Amino acid sequence: MSTSLASGSTLGALAKQEIRNYLEHKLFWFGAVLTLVLAVLMLAGIGLDDSSSGSYMIVPGALLGVLGLVVLNGLTHRSDRAAAAAGAVAVPERTRTLALAAAVVVPASVALVAWVAAVITWYVHPPTDDVMPPGISNAFVHAMQFGDGVMSAVGGPLLGLLLARYLPKRGVAVIASVLLVIVTILLQGGLIGLQPYRVFWVWTYFLSQVALHDGEFTGAMTAGAGPDYEWHMGTYPGNPFIWLVYLVVLCALGVVIAVYHDPESDRVHLRRVALGLVAAAVALGVLAMTVGYTEQVVNPAICGFC
Amino acid sequence: MTPVASLTDVSKRYGATTALHPTSIDLQTGVIGLLGPNGAGKTTLLRLLSTALPPSTGRIEVSGQEVTGGHAERVEARRRIGYTPQEVVFPRGMTAFGFLDYIAVLKEWKGSGARHAEVRRVLALVDLGDRGSMKVARLSGGQRRRLAVAQALIGAPELLILDEPTTGLDPEQRASLRGLLSGAADTVLISTHQTEDVAALCDRVIVLDGGRVRFDGSVPELLATATGRVHIGPTASDGAVQTWKTGTGLVRSVGGQPAPDSSVVDPSVEDAYLLLRAEQRFTEGVTS
């Protein structure tokens, strides 16, 4: 057995395996190629509307995040089967869980490239004057883009891992990804108005088109908009910077809860960490609702492309 | 001699059902066969010993590590154990090499060079050296079974635990596997329904029934329990445990009162096992 004690950590070796497994997954490549092709087209200005790259990050969010849920869920099942085939092995479940979690570096890297492309596009092909509401910085948009794209590409696969740990049934990942999209649609600002609690959801907009009637917000997209309504671009209440930190804490919480599943883990310690992260997430969620951006800000110019 | 593994008053309960009554066994160097009917507690015993399952009571030690103690000792014991479960569900989409490579990482083979060499070694041991690049799903049943055994051989464990390793193998593959297992580890514990494997391979045999050890001794000792009790003749013995007509037209009877004109034949491990089981059923019938 002494030959096994070669250089490097077990977690590192296992993480490399899981990263390779993620890279070999066809669904990942489907999402990655589409994301990057659309990024290149966006950079070239092809198919871009006046809002520039403002809403592009939904692409990596869906293609790397939602599909990533299915990918990492499958890889987790595969890892569990391999471990079960060996009975009991020296490497515990929690190390496998952490290695699987480390594999999110794959979709996250692609999403990061897409985000950089979106940021570059924002300056190379800037939005028209009817897009950005007064007082709203470019950083506001980039934070939103990072949350919707990069953090989704991290959080989606981690959700798949978490589901595989606690609901190891066939089809759960597919059902969860469909539910995730449905709930996301329902919790968009356009459908639930200006409710600030929307920032607690993991995938939401902060800048979007809004329909006004007599200067009052009525909704976004097609919801509630009639012929005598005016379309503008506007923000929804909520602080995207704090929301980003909130998403990071949620991802960390997901990993901790996934590790907690291992009956041989230090559950007392993990419970404390999880409770701390839950408290931090709640605090950050409340802060995202109450700090800095509590009101809707609307661009007074009529939106030309909405 | 210090045993490689020992169980002291180990029991396992699943709710109200006792799968294994308090049992004490020392496993020394050699190949040990574990016989018993379905539901006898064999798999439970193997899973306990492999640390895949915690016991309800008792103490288990493997290579001086008390696996029922702390986590660190349990992990240390796992480094010395190779285990092939009875039913292996292979991960989807993996090649034979990829599967073993993954298991090798789970067994703490961190450096890829040494790990790949070890994977190639165990693939060759189970005669799958030329099947490494094949998807597991495309391997035959017997090849998959050998692959399951190969993962247990990674790292040359001191204690090799195999739950029905020869199931699904053809006679040639079984013979080949016997040859491999006879020198695969210091101590090999094999659960099997194949009494020929026990006769051909094992230094010692343990018969488990109803969660209790019914026999523990050498193969000759097991055979001795049936000596003079197996007959062959024109008619079956009265009250025989099992009878069947052989290819010669004569009837072979295990146990019972021999019929006139019958003659005694050498018992097989299977004969001894059948008699042991029959006696056990009789004893249980009397006591109940």
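Of the 288 residues of chain B in this predicted model, 48% count as buried, where buried means that 20 or more other C-beta atoms, placed from the backbone, lie within 10 Å of a residue's own. Local features need pLDDT of at least 70 and side-chain atom pairs count only at pLDDT 80 or more, while totals for chains, interfaces and linings use all residues. Residues are numbered from 1 along each chain as its sequence is written, and chains are lettered from A in the order in which they are written.

**Overall form of chain B**
- Along its principal axes, the C-alpha trace of chain B spans about 70 × 45 × 35 Å.

**Strands and helices**
- Chain B has nine helices and 14 strands, which are DSSP runs (H or I, at least four residues, for helices; E, at least two, for strands) numbered from the N terminus.
- Strands β1 (residues 5-14) and β2 (residues 17-27) of chain B run antiparallel and are joined by seven bridges, and two strands pair if DSSP finds at least two bridges between them.
- B:Ala5 has B:Leu27 in β2(B) as its bridge partner.
- Two residues lie between β1(B) and β2(B) in their hairpin, and B:Gly15 in the turn has a positive phi of about 65 degrees.

Definitions and conventions:
Buried ≥ 20, exposed ≤ 12 C-beta atoms within 10 Å, placed from the backbone.
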